[in-house]
Amino acid sequence: MSGRDALVELTRLVREARRPVVLTGAGVSAESGVPTFRGPDGLWKRHRPEDLATPEAFARDPALVWEWYNWRRQRIAPARPNPAHRWIAAYERANPEFLLITQNVDGLHRLAGSRRLVEVHGDLWMVRCTCCGREDEDRRVPLPVPPRCPECNGMLRPGVVWFGEPLPAEALSRSAEAVRKADLLLVVGTSAVVQPVASFPLLARGAVVVEINPAATPLTPFVDLSIRSAAGALLQRIPLPGSPPAGTKALSPSRPGGAP
Ligand code: OAD
């Protein structure tokens, strides 16, 4: 299928979907300047996940793990949503059955206005006490190392899911149910190698599965439509249900009387 045909097909699928689900990974934030995990400039090139993002690593050296999360907070704090985040938030507003599932912990989907979302790997801006379990949003950059609980002085940990930890049960069941019922699944900017999320698309029963990613992934052979493109550059060209077709102009709301 040519690039133009793929755009036309995706536009039709987006317009006709009744129960769309969007599944995103780090690639959706790449155009906001947030480094991905894998790939040429990926975070895991410089750090081994088992050194930093596991409960064992935190037990061994909490200061090292917190230094890494402080570095990531510093990178992410100035980042702003890009056209992909904004398009996904607008799609939600246009469709009452929409659900966004994201592996990202950067908070950019929320900042773009997404509200019906499941953050399956947690939220970098949340902290949780390892003693009393208290959870708080904490946007300080950097945090003192290691940060302490205001309630019990226990050590805080990042509010994210680490390798070897289960996904929160509710996030898992809500995501799996939505994918099973979906009629369109857009998989955007994930390398599809980290389980269990990498297997979510395989739960789809009736959905047309579309992958948007500049590179091939293990999922590519199984999708109905693979579009090799950066997410923001592509999605901003896809008109949403209820928006005027590309090339036409909306009525100016400031025009007296509101009518032509
Ligand atoms: P990865 O870094 O593994 O993959 C990022 C994907 O985004 C790659 O397939 C890139 O080709 C693609 N990509 C790059 N730029 C893009 C762009 N502009 N538009 C669209 N796609 C683009 O990130 P994830 O798949 O999200 O988990 O990684 C999954 C999990 O591994 C993360 O949630 C994290 C990590 O370890 C935890 O921290 C638990």
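**Exercise 1. Describe the polar contacts and the burial of the ligand.**

Solution. Begin with Gly 27, of which a backbone N or O atom lies 3.4 Å from a nitrogen atom of the ligand, a polar contact being a pair of N or O atoms within 3.5 Å. This is a predicted model, in which local features need pLDDT of at least 70 and side-chain atom pairs count only at pLDDT 80 or more, while totals for chains, interfaces and linings use all residues. Residues are numbered from 1 along each chain as its sequence is written, and side-chain values use heavy atoms, with hydrogens and water left out.

Next, a polar backbone atom of Ala 26 is 2.8 Å from an oxygen atom of the ligand, and a polar side-chain atom of Ser 191 lies 2.5 Å from an oxygen atom of the ligand. Finally, the ligand taken alone exposes 790 Å², of which the protein buries 90% (accessible areas by the Shrake-Rupley method with a 1.4 Å probe).

**Exercise 2. Work out the strand order of the open sheet, and explain which strands stand at its edges.**

Solution. The three strands have the order 5-4-6 with antiparallel pairing, where two strands pair if DSSP finds at least two bridges between them and a strand is a DSSP run (E) of at least two residues. Strand 5 (135-137) and strand 6 (156-160) each have a single partner strand, so they stand at the edges and one side of each is left without a neighbour in the sheet. Strand 4 (residues 122-129) is joined to strand 5 by three bridges, and Val 127 stands opposite Asp 136 in strand 5.

Terms used. Helix = DSSP H or I, 4+ residues; strand = E, 2+ residues; numbered from the N terminus. Polar contact = N/O pair within 3.5 Å; in protein donor to acceptor, adjacent residues only side chain to side chain.
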